[in-house]
Amino acid sequence: MNATEQTDVLIVGSGFGGAITAYHLAAGGAKVTVLERGPWLESNDFEHDFLLGSSYTRIFDFTVGDGMSLLGGNCVGGGSVVYFAAMPRAPRFVFDRTGSIGRRMWPAAISRDTLDPWYDVVSEALPVTTQSWDDVSYAGGLFAAACDHAGRTANPVPTAVDNSKCTNCNWMMAGCRFDAKRSLLLNYLPAARAHGAEVRPLHEVQKLTRTDDGGYRVHYNTIDDTDYRLANGSGVIEAKIVILAAGAGATPVILQRSAADLGGMPHAVGRYFSGNGERLNNAVINEERARDLLGLDRGDDIAYLANQIGKGPVVASWDNLDGTLPEHSRFSLEQLYFPPGFGTILAQVPDAQGPSWFGAEKTEMVRRWRSWLTIFTMVEDDNEGVFGPPPPTGNAVRISQQMLGRGPISYRPTANTLRGWDESDAVVKDILERDGLARVTPWTNDVVGAYTVHPLASCRIGDDPHTSALDDRHELRGHPGIFVTDGSAVPGALTVNPALTISALAERAIPGIVQAARERGVDVSYGAPTPDGGTAGRAGVRPQLPLLTRK
Amino acid sequence: MYGEALSMASHCRFHDTLVRRNGEGMPSIQPLLNQDIIGTLEAFADTIVPGAKRNAEDRAVAGVVQGPGAVAAGALELLQTPATGLSDSLEEFADALNGHARLYAAAEPADADSAVPPFVALSYTERTRLVTVLTAPGHPERDLWVSLALFSNMAFDTGAHLHTADAIAAGHPGLAALGFAPPSDDGQWRFPDFSYGRPLARLHPDTTPSGSLA
């Protein structure tokens, strides 16, 4: 008698790559089990509180590597719960990037034109909406006005935020307790559960092994709900299909740890990691200049003093997203908010006489925090990141009970990436220091290395088996029945926030996964509407189905 | 120079202790900290976010600025919170820091002062130089000192050992220094006035109806 638990489709992780696939496969009739290493919090659990142990630290991970630190979700709903819900589409030129390999790194089948219908599907589902200037926070407005003053354009960013419910509290990283942020807890995940998908929190997958019939055993530990350093049990589930969506900081680690049992992994597993070229600059605004130069007025003779108010990034400047510029010279700039702590420690004092990130001068700068404006830059980096040997469990050696850990990634920015950062820093400085509006400095990379809130590409799709771990349908090369649908599948930096692209790719992967499941005897079909029944996007994707379900 | 001496100094035992404890997920046992340990850690926190001396006899806080710093904001309370993962290693942190301070003092002799731990005996400028070395890229213990700096900073900037609404109500000096606005009566933050409410720039000419570029 085989007492091992069985499922059709086992999904590792419940962020975009996990929730979207869970919904479609469950709706299509498959038995779906989702293992999520983080806890399961719902709207009322999300707290406005910096206290360690509140939702802020329960659902968020900060993994320090060698030269690169990763920030990401650690909860049911994954990144969608902690992210800022900025949802632009990747510019057309991104899909023709050659990056570090000297030839197109995206699969030939994917371009902006072929991905647009999938963008439409996700935009209908979440939904993603445009914002008006009335929705734009003071910080976004200030950045827009500064861009305009510098002769640039600026756009309100499309978001997955229901502005009618938003209080502009700026606690998005702690989870949205007002249901304004359209996280996966409000659409794909409840729809998946309605179709029978089972979601198990605090289940951290460690490795995969093979069954005799070509399926997989998924080995997990169960994690203490307060001290994530503690495992309080373990188990195994057998599945015909495994979908890895643990995030670009964890998916390759699971595969590396599985290599001893599964056999050799593609070269690109745990390589070509991209931090999405991310970089932050901090401006301290001269309030008087903001009023006189830009004509800004909140009332009561206050020009700005509004760092705390808003909803993450709401305005971007896209003038440098110009496909005629050389690779690594194209980038977007986005106004952003990080709460104190993360958002203060790495900010540097302009022209510091002593240390730039701590000490007396820094403390003086922090006292002007209400006048801070943070600018987020996304350049084209060079896929420099490499994962070292996996830690004993999970994807990091956890230091604190929650949030803080030490991970195996190393990242040494190449001259290309450094050039992108230098050029974008210069543009940010030009915009914000013009006519004395502000003093601007980049965050230091000398404390925790570079950093990213959008880890990508550590197990990427492509046509070339030497430089991609997955084929263009997201199946792991040499290991049929294992698919990867999270940010690790994205080939490289996108120059914009990647959540919509990750989601569109996950939607696009589903026809192929359904076909693979059917070939393994799972009675499942493709074609579910959006989680709330929308079908407007269907016609757009239909022409691509034959390619995606080819034998 | 001191940097070279430091790179040769080995504190592997300390590092191993911290990693082993955390790797095995040992339940946290709160050690009783003596005044020397507390003073040493306060001096470190005060190096990260300096503040005014608490009284004329205060040695740990260097007093290089006016107004409260990390110590007044509760750095020691936060460091002793088990959630940080550092709380059962604080004695080792202090010992190691004082070990570095002894090396520093030997390399760059200053007035001998045995009344306080070696790190506390350093001037603010010397403490700053030492912390700069310990947290610099390439230093073998950098992770540990960056962690200690991170939590020292968080004590001031977020009061992470306290419920934030309570901290603000009690006048937490760090959140007050930032000008962090208080919550509504129900303890949640809301900003009904949040927008200039008018167009402030031209849109990119390639903007599509989706809001993204073409």
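## Close-up views of a predicted two-chain model

**View 1. Where chain B meets chain A.** In this predicted model, 61 residues of chain B are in contact with 67 residues of chain A. On the chain B side, the elements that contribute two or more residues are helix 2 (12-23), helix 3 (35-48), helix 8 (124-134), helix 9 (142-157) and helix 11 (173-178). Sorted by class, the chain B side has 29 nonpolar, 27 polar and five charged residues.

**View 2. Chain B on its own.** Chain B has eleven helices and zero strands. Of the 214 residues in chain B, 48% count as buried. Among contacts in chain B with a separation of 6 or more, 58% join residues 24 or more positions apart.

**View 3. Two helices crossing in chain A.** Here helix 5 (residues 138-149) of chain A packs against helix 8 (residues 287-294) of chain A at an angle of about 60°, and their axes are 11 Å apart. That angle makes helix 5 of chain A oblique to helix 8 of chain A. The crossing of these two chain A helices is left-handed. Looking at the side chains, you will find A:Leu142, A:Ala145, A:Ala146 and A:His149 of helix 5 meeting A:Ala290, A:Leu293 and A:Leu294 of helix 8. The residues of this contact divide into six nonpolar, one polar and no charged.

**View 4. An open sheet in chain A.** Six strands of chain A form this open sheet, in the order 5-11-12-13-10-17, and their pairing is antiparallel. At the edges lie strand 5 (155-156) and strand 17 (438-442) of chain A, each pairing on one side only. Helix 11 (residues 415-433) of chain A packs on the sheet, where helix 11 touches strand 10 (278-285), strand 12, strand 13 (372-378) and strand 17 of chain A. The direction of helix 11 makes about 165° with that of strand 17 of chain A.

**View 5. A closer look at one strand pair.** Strands of a sheet pair through backbone hydrogen bonds, either parallel or antiparallel. Which sense do strand 11 (residues 315-317) and strand 12 (residues 332-336) of chain A adopt? These two strands pair in the antiparallel sense, over two bridges. To find your bearings, look for A:Ser317, whose bridge partner in strand 12 of chain A is A:Leu333.

Note on methods. Residues are numbered from 1 along each chain as its sequence is written. Chains are lettered from A and ligands numbered from 1 in the order in which they are written. This is a predicted model: local features need pLDDT of at least 70, side-chain atom pairs count only at pLDDT 80 or more; totals for chains, interfaces and linings use all residues. Two residues are in contact if their C-beta atoms, placed from the backbone, lie within 7 Å. Helices (H or I, at least four residues) and strands (E, at least two) are DSSP runs, numbered from the N terminus. Ala, Val, Leu, Ile, Met, Phe, Trp, Tyr, Cys and Pro count as nonpolar, Asp, Glu, Lys and Arg as charged, and the others, Gly among them, as polar. Axes are lines fitted to C-alpha atoms, for helices over the stretch in contact, and angles run from 0 to 180 degrees between N-to-C directions. Angles under 35 degrees count as roughly parallel, over 145 as roughly antiparallel, 65 to 115 as roughly perpendicular and the rest as oblique. A crossing is left-handed if the near helix is turned anticlockwise from the far one by less than a right angle, and right-handed if clockwise. Two strands pair if DSSP finds at least two bridges between them. A residue is buried if 20 or more other C-beta atoms lie within 10 Å of its own, exposed if 12 or fewer, and partly exposed in between; C-beta atoms are placed from the backbone.
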